[in-house]
Amino acid sequence: MYTEIAKSYLRKEKFPSVWCPGCGHGLILASILRAIHKKGWKKEETVMVSGIGCAGRIPGYVDFCTLHTTHGRALAFATGIKFARPELNVIAVMGDGDAAAIGGNHLIHAARRNINITAIVFNNFIYGMTGGQKSPTTPRGFFSSTSPYGNAEPPFDLCNMVKGAGAVFVARGTEYHLPALDTIIYKALSKNGFSFVDVIVMCPTSFGRKNKLSSDATQNMEWIKSISIPKKKAEGLSQEELQGKIVIGIFADSLRSEFVEYYEREILKEGKCPKNTKSD
Amino acid sequence: MKELVISGNEAIAYGAIRAGCCFFAGYPITPSSEVAEELSLKLPEVGGRFIQMEDEIASLAAVIGASITGKKAMTATSGPGFSLMQEHIGFAAMGEIPCVIVNVQRGGPSTGLPTHPSQGDVMQARWGTHGDHEIIALSPSSSQECYTLIIEAFNLSEEYRTPVIFLTDEVIAHLREKLVLPDSKSINVVTRKKPDVPPENYKPFDTSFGKVPPLADFGSGYKFHITGLTHDETGFPTDDSKKTAVLLKRLQDKIIDNRDKIVRTDNFMLDDAELTIIAYGAVARAAKEAVLAARERGIKLGLFRLITIWPFADKEIAEISKRMKAIIIAEMNMGQLRTTVESAVKGRCNVLTVGRADGEIVTPSNILEKVKEVGIVH
Ligand code: SF4
């Protein structure tokens, strides 16, 4: 049942996927699909938008209205779709380079605007598709094809950033904690406003290999488990104790008036566009 | 008949609404901002939506997103913003998503001359985004034409499923002059072809309906995939070289095969001319003055005005060149259209350029000096 639900939303003829064996992307996708199923969203009223990268390929495999755009810009396209046709359910799936580097500005502005879109980041700390370069979430000291001596830069905490920018729902999950992830994504989809889920996922091909972790999917999961720490538990710990850990849980769940609803209520004078044209 | 005195930028906003534009996304930039300002005011009155995005890249992305839901959508920008939009002009060309991009040209390169006119983006409009693609670019010469031609821009984008660039300049943008609002009957509004096949049979790039496949809206019951990757008729990515070749050829053909319908030009005193100016946008107005002044001195000067810049009026210019002693291209750049004109003229007559890229408009006397150089003596 668990996988059957997800399968019923796939464009099965498009498989096998481009993803490597052991890649966690499929697990996260299945979690998203279960949440959509639980929401009862109709396929033809659901839009999935992506940018570029391994996560960017997701829309091609799911049976919705799907848009595979340019690197980093998924949320800007999604904003146009949602604003133009608010009755559609809009999800943006992105990689960490996609969302936090080239698309970082779109991410903070979508959060500030509080437009009713769910953004899900497949955060594997690396540019997988281009061969394993470091990203803005690569932890300090970790290796990649462009940090052969270890990454000199500190990483972004995406949840902190997006919460600070005003998102009404912000959470982090992992590919190891799947039942919790299902709940988080369901809550994100249910939220009226900009919701954001940072999902920690393994890229065995690049991140795993470069950092001498493992190419074995189960061992990778164990590694993710070992660095994850629930928010409640983390609250009592010092900065030193949290070194190298990833805090998971829900960081924001608040209320703020949603952008499109505000526009329709306060600014729009007339319901239908175009009016009075022959073409309509 | 209603008459207004309005700037080119305002006329663009009015015309866009008349064309059925329901969505604008943009980012402030001189000298285009009045288009956004006017639409932020007027769109809500007609049920349309206005959004100021975080940059020009996002602006065109939002426009394309809105267009995929079936709304006619546009953005407006200028020089540096137009540079940023190149990424998504390519996406719109590849995904075949109708949209209109207004570029009020100002002096460049880089931030250049923000408040001065230029026509320095004609080649960027043609080839600014990477990869082989055709583009439609139109250039108005008056407030009146800003209104009527922006409607044409929407019509062409809808008809050919393509981005259309509206290439105006700072002079036309800010010049306030009379606009006579055309009556409803004289305005033709085109809307994209929608599929009539059931959703399960729909393919967003299905060529069995011709070179411009019908485009369904997201949210209309049709599920489909659009990608910036090379794709087949189903819309899904492919790197098959045969399919790639078919796609790129069709993207070219759908514009080139229809170039006679897309290319719009205008003549002034050209019938008996021995010498002609080729000009567009604000410079065409100065060129008209130059023609009148030359005629007073007995010089048979004419004007050939480009309204469509791309696809280029090569056939028309080839025809004219047969009966001209020389052609003078007048433009606010350092001669960007010269090689394009020369390849149409093919040596049948001399081709000269009077170009300025100093932030000032080409004047009638600049043109008349060039006419003297040609040395037609009567
Ligand atoms: S490169 Fe990494 S992220 Fe990309 S498909 Fe392979 S394992 Fe997954």
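Glu264(A) and Arg49(B) join their side chains in a salt bridge, with an N to O distance of 2.8 Å. In this predicted model, the rule finds five salt bridges across the interface of chain A and chain B.

**Polar and charged links between the chains**

- Between chain A and chain B, 20 residue pairs are in polar contact, both residues being at pLDDT 80 or more.
- On the side of chain A that touches chain B, at least two residues each come from β2 (65-68), α3 (74-84), α5 (104-113) and α12 (259-267).
- Of the elements of chain A, α3(A) gives the most to this side, with seven residues.
- Sorted by class, the side of chain A that touches chain B comprises 19 nonpolar, 14 polar and 15 charged residues.

**Extent of the interface**

- Each chain brings residues to the contact: 48 from chain A and 48 from chain B.
- About 3,800 Å² is buried between chain A and chain B, and carbon and sulfur atoms give 62% of this area.
- Phe77(A), Arg85(A) and Cys273(A) together supply 15% of the area that chain A buries against chain B, which is more than any other three residues.

**Strand pairing across the chains**

- β2(A) is joined by three bridges to strand β10 of chain B (residues 225-227), and the two strands run parallel.
- Within this pairing, His68(A) stands opposite Thr227(B), a residue of β10(B).

**Surroundings of the ligand**

- The residues around the ligand come from chain A and include four cysteines, namely Cys20(A), Cys23(A), Cys54(A) and Cys203(A).
- By class, the shell around the ligand holds six nonpolar and four polar residues, and no charged residues.

**Salt bridges in the whole structure**

- Over all chains, the structure holds 43 salt bridges.
- One of them links the side chains of Arg264(B) and Glu152(B), at 2.3 Å from N to O.
- Arg264(B) belongs to the loop between α9 (259-262) and β11 (265-268) of chain B, whereas Glu152(B) belongs to helix α6 (residues 143-160) of chain B, so this pair ties together parts that are 112 residues apart in sequence.

Methods. Residues are numbered from 1 along each chain as its sequence is written. Chains are lettered from A and ligands numbered from 1 in the order in which they are written. This is a predicted model: local features need pLDDT of at least 70, side-chain atom pairs count only at pLDDT 80 or more; totals for chains, interfaces and linings use all residues. Side-chain values use heavy atoms; hydrogens and water are left out. Contact means heavy atoms within 4.5 Å. Buried area is the accessible area (1.4 Å probe) that two parts lose on being put together, summed over both. A salt bridge is a side-chain nitrogen of Lys or Arg within 4 Å of a carboxyl oxygen of Asp or Glu. A polar contact is a pair of N or O atoms within 3.5 Å; within protein, one must be able to donate a hydrogen and the other to accept it, and residues adjacent in sequence count only if both atoms are side-chain atoms. Helices (H or I, at least four residues) and strands (E, at least two) are DSSP runs, numbered from the N terminus. Ala, Val, Leu, Ile, Met, Phe, Trp, Tyr, Cys and Pro count as nonpolar, Asp, Glu, Lys and Arg as charged, and the others, Gly among them, as polar. Two strands pair if DSSP finds at least two bridges between them. A residue is near a molecule or strand if one of its heavy atoms lies within 4 Å of it.
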